Amino acid sequence: MDALQKRGGRRKLKKSEVRLLLMALPFVLFIIVFYYAQLFGWLYAFMDYKAGKAVWEQTFVGLENFKKLFAHGSRFIAAFRNSMIFGVLGILTAPLPAVFAIFLSEIRNSKIKRTIQTMSSFPNFISWILVFSICFMFFSSQGQINQILVRAGILKESANLLSNADAAYIFQMLLGVWKSIGWSAIIYMSAIAGIDPELYDAADVDGANRFQKMLYITLQGILPTFFVLLVLNVSSIANAGFDQFYVFYNPMVSEQLEVLSTYAYRIGLGNGEISFATAIGMSQSIVSIVLLFTVNKLAKKLTGNSVI
Amino acid sequence: MKGNKSYKRYRIRPFDVCNVLILGAFALLCMYPFYYLIIYSLSNSTQAARQDIWLFPAGFTVENYKVLFRKADILLAAFVSASRAVSGTLITICCSSFFAYLLTKKELIGRKIFYRMLVITMYLNAGIIPYFIVMKAYGLKNNYLLYILPSAVVAFYVILIKTYIEGIPAELEEAARMDGAGYFTVFTKIIFPVCVPVLATVAVFSAVNQWNSWQDNFYLVRDRNLKTLQLLLLEYLQSMDSTLINDINTAAARANRTSALSMKACISVITMIPIMLVYPFFQKFFVKGILVGSVKG
C-alpha cells in the first residue's frame, strides 16, 4: 500500500487533478489573504510605529512594548484580570445550558417544549447593542424598573444598574447567560435525543425514579458533549467579546468592564498607539493558543480523544 | 397520541407543573423585553414617562415613528444593513459551498492541509490592530466591500456544508461524472440543488450575522452613507437626551410629541424586526438537527 502511494506521488498529475487544484487555490489564497496575512500585523508589536512611514522604515524596539504592558500605571493588568474574570464566570455558568436541557427534555408535551425552546433561543440572535438598548429601557435611571420601585416607595431615588460598579461582573454574567442559554441548550437536546430509550426502560424495570433517571441516564448521556464544549470554552477564556463590553462600558464601570479587546481598541484606534495596542492583542492571542493546546492535551490524556 | 402507550400511562405530577412553570417563566423573560420595546415605541411619550407600561401601549400612537422617519439617516442605514445582509449572504453561499464541495474531493491535492488551514481560522484572532491595518492596506477602508468580502469563506459554514455533501450518496455524482461533466458542472447542476436545506440554514445564519454586524463599520468606515443600522442605534443610545432631541426634530420634541427614550425604543424596534421575521425559519433547523450533526462531525 505504502509503495503504491509513493509511486502515486511521483506519477504525472492527471488533468482533472490539476483542474481541481486550480479551482481550490483561489479559496486557499483568500484564506491566506484575509486571515493569515493579519498575523504579519504582529510585527508592529516589536516596532515603535509612527504613522505615515512604511513598514520597513519603522524602528524595531524588540520587546519594549511588552515590557510596557507591565509598566507602572499601565491598565493592562486590570484589563487582563477582567478578561479572565469574565472567562472564568463563563466557565462556571457553562453547566447551566446542560441543566436547562435536562429539565426541558423532561417536558412531555412536545408543543410546550418546542415553544419554550424557541422563545428562550431568541436572545442569541440579537446584537449586544439591542441588549444594551433593552437594559437601558429597564435598568437605567429613567428605566421602567426604577420608575416602578420609586413609585412604590421601595427606592428613594432611582438607581442606575448600568453604572453600578459593585454589580458589574454579576450583571454582565447574567446577561451572557440570558442571551445564550436557550441556544446553547440545543446541542444538549440533540445529545439527549440520541440516548438509547432502552436505557430508560431498563431503569424503569429496576425501579429507578425520575430523578435517578435524570441523574444516571440523561446527565451521563450528555457528559461527553459537555466536556468537548468545556475544552473549547476554556481555550477562549481570555477572549471576552468586544461588543458586549464596549457597549456597556461607561466611566462608572470602567474598572470592571475594560477587557483586553476594548483596551486594545482604546489604546490603538483611540490613542493611536498602534504598536502598544498590537502587543495587547497579541498577548491575548498567545494566552488563548497556550490554553487551547494545554486543555486539548489534558483532554487527550483523560479521555483519549483530542478535541481539535 | 392514542397509539402511544407511554403517554397513556403517564400521569402529570407536581414536578411537571413546576418544571413547565419555571421554564415557561424563563422563556417569557427571554421574549418580554422585546415585546416591551414594541409597546413602548407605540406609546404616547408623555404618558409612557408617567405611567407603568405592562401589556399594552399607553395611549397608542405611531407619532414616534413618524418623527423618527423624518430623519433620512434611518432609512439609509436600514438600506445599508439590508443590502449587506442580502449581498453578503449571496457571496457567502456561493463561495463557501463551492469550496466545501472541492474539499470533499479525495483527489484534491493538499486537501487535508487546506482543510486544516480553514479550521485554524476559527481559532485565529490576530487582534483588532492587525485587522485594521490589513483591511486598510487592501483599500477596504470606507469601502462597502469591507462588509461583504471578508466573509466570503467562513470556516463554520464550509464545515456545515462539507458534512452535508459527504452525506449525499456518491452514485448521484458518479453518474454525471461518467457522462463527462466537469467538477463545476456537477456542482451547479447536482450538488448545489441537493444542498438547499443546509444552504438555507447557512443563509439564515449569515443574514442574521450580517444584519447584526457593526464592528467593521465602527473600526473602518467613516462614510456616513455607509453607516449600518446597528451603529446608528448605538449612537442614538449613547447620545445625550438633549442632543438627540435637538437632532431629531425640535418642533416635534418641544410639542412633547416624542421623547428621547421613545426614539431609542423606535429605532431598537426597527433594528429588531428583521430578526423576528427570519427567526421562525430557525425553528425548522432545531427539529432537523442539521447543525448539531455537523458540529459533532
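Which helix of chain A holds I102(A)? I102(A) sits in helix α5, residues 95-105. Helices here are DSSP runs of H or I with at least four residues, numbered from the N terminus. This is a predicted model, where local features need pLDDT of at least 70, side-chain atom pairs count only at pLDDT 80 or more, and totals for chains, interfaces and linings use all residues. Residues are numbered from 1 along each chain as its sequence is written, chains are lettered from A and ligands numbered from 1 in the order written, and side-chain values use heavy atoms, without hydrogens or water.

I102(A) is buried, at 8% relative accessible area. Buried means under 20%, exposed over 50%, and partly exposed in between (1.4 Å probe, protein chains only). Beyond its neighbours within four places in sequence, I102(A) contacts I192(A), M214(A), T218(A), L219(A) and I222(A). Contact means heavy atoms within 4.5 Å. I102(A) and L219(A) are 117 residues apart along the chain, yet their C-alpha atoms are separated by 7.3 Å.

Now take helix α9 of chain A, residues 168-193. Its 26 residues reach 37 Å from first C-alpha to last, close to the expected 38 Å. That expected span is 1.5 Å times one less than the number of residues. α9(A) is mostly covered, with 19 of its 26 residues buried.

Next, chain B. S268(B) lies in helix α16, residues 260-288. S268(B) is buried, with a relative accessible area of 0%. Not counting residues up to four places away in sequence, S268(B) touches L130(A), S133(A), L37(B) and L233(B).

Finally, V18(A) lies in helix α2 of chain A, residues 15-34. V18(A) is partly exposed, at 34%.

Definitions and conventions
Helices (H or I, at least four residues) and strands (E, at least two) are DSSP runs, numbered from the N terminus.
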